[in-house]
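Hi,

Here's the structure I said I'd pass on.

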Amino acid sequence: MTGGALLADLTPPTAGRPTDADWAAAVAAVTGLPADGRVLLICHVNPDGDALGSMLGFGLGLRRLGVRQLQATFPGRPEVPEPFQGMPGLDLLVPAVQAYPDPDLVICFDVAAVSRLGELADRLERAGTALVLDHHASNTRFGGIHLVDAEAAATSVVVEQLLDRLGAPLDREIAECLYIALATDTGSFRFDMTTPAVHEMAARLLATGIQPGEISRRIFDTRPYGAVRLYGDVLARTKLEPAAVGGRGMVWTYATLEDLARHGQRPYTLEALIDSVRCTAEADVSFVLKQVAEAEWAVSMRSKGATDVSRVAVALGGGGHRLAAGFTAYGAISDVVAAIRAELARGVGGEAVETESAPAPGAGAPQSGSELQDQQ
Ligand SMILES: [Mn+2]
């Protein structure tokens with residue numbers, strides 16, 4: 001590759017798309033399995049719709065191809081978030097502690113870095129072959145065979161192509177998994193990466209007879225009453241600071257473990273909280289603090305376009321995209337918010353020029369509204 005040291009420094013080492021050789025190696029890894037080869041599918045911790053849908057859709061495809069020793073899993077608590085509890089292929093899931101210790105083939109889905117594999121990271125070394133299907137430009141290229149397409153809107157885009165190359169049928173169950181994955185990562189076909197190719201893939205999936213209205217209601221528009229009440233409490237304490245960020249405005253709120261307990265809700269209920277805050281018209285920057293432990297907070301940040309929140313997140317120990325980023329913060333709420341406010345104020349001078357011109361197409365597009373923890 002030409003372009004010199006500077007370009008090399010700025011370009012993620014894995015940016016780009018799989019080559020013909022990568023596809024051939026991936027196909028060979030599956031077709032070359034011994035008759036009773038054990039296949040372990042792993043997606044990232046705190047799985048979202050793309051992680052689970054890609055993994056289970058591919059798992060069902062392998063089952064149709066005759067793979068019998070097949071497990072799907074993810075690190076951490078073996079708990080499928082409520083919205084996904086009707087997803088096809090859930091019978092493939094096993095708790096991490098029951099996963100094959102030394103599978104013949106490991107396949108990772110939507111995992112940008114080994115840290116996202118938690119206690120399952122050792123399977124990479126112990127497996128005969130490790131295949132990685134992902135779409136994060138920041139993918140660190142762990143594992144042996146890489147199908148990492150930084151231009152794909154979701155990992156399920158890569159999954160559909162590999163299933164096609166393997167000759168697996170696209171049936172209703174597989175299509176439902178891949179549709180949930182695609183709809184999740186494109187914000188239900190609203191984000192900038194919703195290309196013609198995305199809609200063409202959606203058309204192929206819908207042609208199997210799946211019901212998009214029913215799926216969307218179940219996955220995105222159904223919550224327990226306790227979650228509705230929880231959102232009410234948390235949104236009622238939202239603060240708008242119109243003068244912050246050099247007058248662009250910021251809006252924020254927080255949710256504590258006590259809030260979750262009071263309404264009987266699990267932490268994943270708060271994944272979509274930022275979406276209810278970021279719509280505030282008077283603020284360019286939005287963020288939410290979600291309590292993880294006594295003095296530990298998962299912070300999700302969003303920008304409408306004028307502010308680079310990934311710069312703030314990186315400065316505070318996290319990462320992400322220009323318009324969607326996150327980090328882990330420690331301390332009291334007021335101290336965390338003060339640190340963010342100060343970091344945002346620091347950035348205003350340097351960004352003034354940037355706001356004069358529109359961002360490059362796709363430059364700040366979040367991979368999805370909810371998977372920012374993926375990003376570093
Ligand atoms: Mn994804």
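This is a predicted model: local features need pLDDT of at least 70, side-chain atom pairs count only at pLDDT 80 or more; totals for chains, interfaces and linings use all residues.

To get you started: which residue in β4 is the bridge partner of Cys108? The answer is Val132.

Residues are numbered from 1 along each chain as its sequence is written.

**The overall picture**

The protein chain has 13 helices and 11 strands. Helices (H or I, at least four residues) and strands (E, at least two) are DSSP runs, numbered from the N terminus. Of the 376 residues in the protein chain, 45% count as buried. A residue is buried if 20 or more other C-beta atoms lie within 10 Å of its own, exposed if 12 or fewer, and partly exposed in between, with C-beta atoms placed from the backbone.

Two strands pair if DSSP finds at least two bridges between them. (Axes are lines fitted to C-alpha atoms, for helices over the stretch in contact, and angles run from 0 to 180 degrees between N-to-C directions.)

Back to our opening pair: strand β3 (residues 105-109) and β4 run parallel and are joined by five bridges. On to the next pair: strand β4 (residues 129-134) and β5 are parallel too, over four bridges, and there Val132 stands opposite His146 in β5. In strand β5 (residues 145-148), Ile145 and Leu147 point one way and His146 and Val148 the other, and all are buried.

**Two helices side by side**

The axes of helix α3 (residues 49-64) and helix α5 (residues 155-166) come within 9 Å and cross at roughly 10 degrees. That makes α3 roughly parallel to α5 (angles under 35 degrees count as roughly parallel, over 145 as roughly antiparallel, 65 to 115 as roughly perpendicular and the rest as oblique). On the α3 side, the contact includes Gly53, Gly57 and Phe58, and on the α5 side it includes Val159 and Leu163. Two residues are in contact if their C-beta atoms, placed from the backbone, lie within 7 Å.

**The six-stranded sheet**

Another open sheet has six strands, ordered β6-β7-β8-β9-β11-β10, and its pairing is mixed. Its edge strands are β6 (239-241) and β10 (319-320), each pairing on one side only. β10 and strand β11 (residues 324-330) pair in the antiparallel sense over two bridges, and the bridge partner of Gly320 in β11 is Ala325.

**The cores**

A nonpolar core is a set of buried Ala, Val, Leu, Ile, Met, Phe, Trp, Tyr and Cys residues joined through C-beta atoms within 7 Å. Of the 63 residues in the largest one, Ile107 and Leu133 touch the most other members. Helix α6 (residues 172-185) gives this core its largest share, nine residues. Apart from it lies another core of 36 residues, among them Val234, Ala298, Val336 and Ile340. As for Leu133, leaving aside neighbours within four places in sequence, its contacts include Ile107, Cys108, Leu147 and Val159.

Happy browsing!
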